[in-house]
Every structure is written in structure tokens, then in C-alpha cells.
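Biologist: I'm new to this one and would like to go through it slowly with you. Could you bring it up and tell me your terms as we go?

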Amino acid sequence: MTSEQLNGWLTLGANVGVIAGLILVAVQINQNTQITQAQIANDYYLADMQLELAMMGENPAESLAKAVYTPDELTELDRVVLDRYFNYGLVQLGRLRKMDELGLAPEGWEDRIAYLEWHLGNEVGRRWWATSRQTYSDDFRRKVDAIMARSIRDANRFLLDGLGSEPADATVD
């Protein structure tokens with residue numbers, strides 16, 4: 001093999017190496033772009049969740065207790081707090097769904113949707129869902145409706161009463 005042939009092969013190899021390097025750089029830029037998009041989406045949901053928490057105020061448990069035990073005594077402030085509490089649960093699920101779409105949620109968001117059985121597990125929560133459900137996709141509505149249809153009507157009260165001396169009777173819708 002002459003030095004010209006060897007030089008030609010080395011030049012070809014170097015050019016292939018440069019092209020392979022450029023392809024790897026393009027792949028890395030694409031990955032970084034996807035990671036940045038996921039981080040921005042995640043930050044959006046986290047900021048939304050922080051806003052929901054701030055709007056719930058210092059003691060959202062008081063409003064939830066009223067929703068569970070004395071829903072007829074809800075004040076306007078309680079309704080605002082509960083609206084943010086119920087919405088918070090759906091924002092959490094929206095975040096998980098988005099992270100799942102991006103391939104970053106290890107278990108997938110649908111595994112956590114049953115959480116709404118507790119989150120909306122009182123008459124006030126059910127009314128909130130009935131009023132708010134039209135703002136969600138058909139697929140999401142069907143999933144939540146299925147959870148709510150099979151859940152205990154007053155899941156919160158049933159669980160909380162179970163912490164006392166006499167557990168409540170569970171009734172399914």
C-alpha cells in the first residue's frame with residue numbers, strides 16, 4: 001500500500017470520525033433540549049402547586065373537616081380553600097401525566113389516579129368534580145368518573161371515623 005493510499009484511508013477515517021462526532025453532538029443537544037423542556041414543564045406544575053398551597057392558607061384541614069363532617073356549614077372562605085385543595089390534587093396528577101408523556105415518571109400517572117378516591121372522597125368533593133369535570137379531557141373524565149363510581153361515597157369520613165373508637169359503615173355509591 002502506497003503512502004497516498006494510506007493517506008486517503010486515514011483521511012476517510014478522520015472524516016467518518018468527525019461525522020460520527022457531529023451526530024453524537026446532535027443527539028446530546030436533542031437530549032438536553034428534551035431535559036430542559038421537561039424541567040420547564042415540571043417547574044410550571046410545581047409553581048402552580050405552590051400557588052394552590054398558598055391560597056389554601058394556614059389551616060386547610062379545618063375546611064376539609066367541615067366538608068367531611070358538616071358540609072352545610074361551609075363558609076365562602078372554606079369553599080375557596082376547598083376549591084384550591086381539590087384542584088391541587090388534579091394539578092399533581094397533571095404533573096405526573098406530563099412527566100409520564102416525557103418518559104420521566106417511573107410508575108406512570110395512571111397508577112396514582114386512584115388517589116382521587118380519597119382527595120374527592122366527600123360530598124363537597126364530589127360536587128366540586130361534577131362542576132369542574134368539563135374542563136378536563138374526555139379520557140381523563142372517564143378515568144376519574146370510574147374511580148368515583150366505585151369509591152365509598154364518604155371515603156374521608158369512613159377512614160377518619162375509623163381512627164376513633166367506632167368505625168363508620170362503608171357505603172358505595
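Modeller: Let me begin with a term: contact means heavy atoms within 4.5 Å. This is a predicted model, in which local features need pLDDT of at least 70 and side-chain atom pairs count only at pLDDT 80 or more, while totals for chains, interfaces and linings use all residues. Residues are numbered from 1 along each chain as its sequence is written, and side-chain values use heavy atoms, with hydrogens and water left out.

Biologist: Is Asn-122 buried or exposed?

Modeller: Asn-122 is buried, because its relative accessible area is 2%; buried means under 20% relative accessible area, exposed over 50%, and partly exposed in between, with a 1.4 Å probe and protein chains only.

Biologist: Which backbone nitrogen does the side chain of Asn-122 reach?

Modeller: The side chain of Asn-122 reaches the backbone nitrogen of Val-124, at 3.1 Å. For a polar contact we want a pair of N or O atoms within 3.5 Å; within protein, one must be able to donate a hydrogen and the other to accept it, and residues adjacent in sequence count only if both atoms are side-chain atoms.

Biologist: Let's move to His-119, then: which helix is it in, and what does it touch?

Modeller: His-119 sits in helix H4 (residues 116–119), and, not counting residues up to four places away in sequence, His-119 touches Tyr-85, Phe-86 and Gly-89. A polar atom of the His-119 side chain lies 3.3 Å from the backbone nitrogen of Gly-89.

Biologist: Why does His-119 count as buried?

Modeller: His-119 counts as buried because its relative accessibility is 1%.

Biologist: What does helix H7 pack against?

Modeller: The buried residues of helix H7 (residues 155–162) are Ala-155, Asn-156 and Asp-161, and they pack against helix H2 (60–69) and H4.

Biologist: Stepping back, how many helices and strands are there?

Modeller: The protein has seven helices and zero strands.

Biologist: What about its overall dimensions?

Modeller: The C-alpha trace spans about 95 × 35 × 30 Å along its principal axes. The radius of gyration of the protein is 26 Å, whereas a compact globule of 173 residues would have one near 16 Å; this radius is taken over C-alpha atoms, and the globule rule is 2.2 Å times the number of residues to the power 0.38.

Biologist: How much of the protein counts as buried?

Modeller: Of its 173 residues, 30% count as buried.

Biologist: Which helix holds Gly-13, and how exposed is that residue?

Modeller: Gly-13 is in helix H1 (residues 3–56), and it counts as partly exposed because its relative accessibility is 42%.

Biologist: Last one: where is Arg-79 found?

Modeller: Arg-79 is found in helix H3 (residues 76–101), and at 51% relative accessibility it counts as exposed. From C-alpha to C-alpha, Arg-79 and Gly-21 are 59 Å apart in space, and they are 58 residues apart in sequence.

Note on methods
Helices (H or I, at least four residues) and strands (E, at least two) are DSSP runs, numbered from the N terminus.
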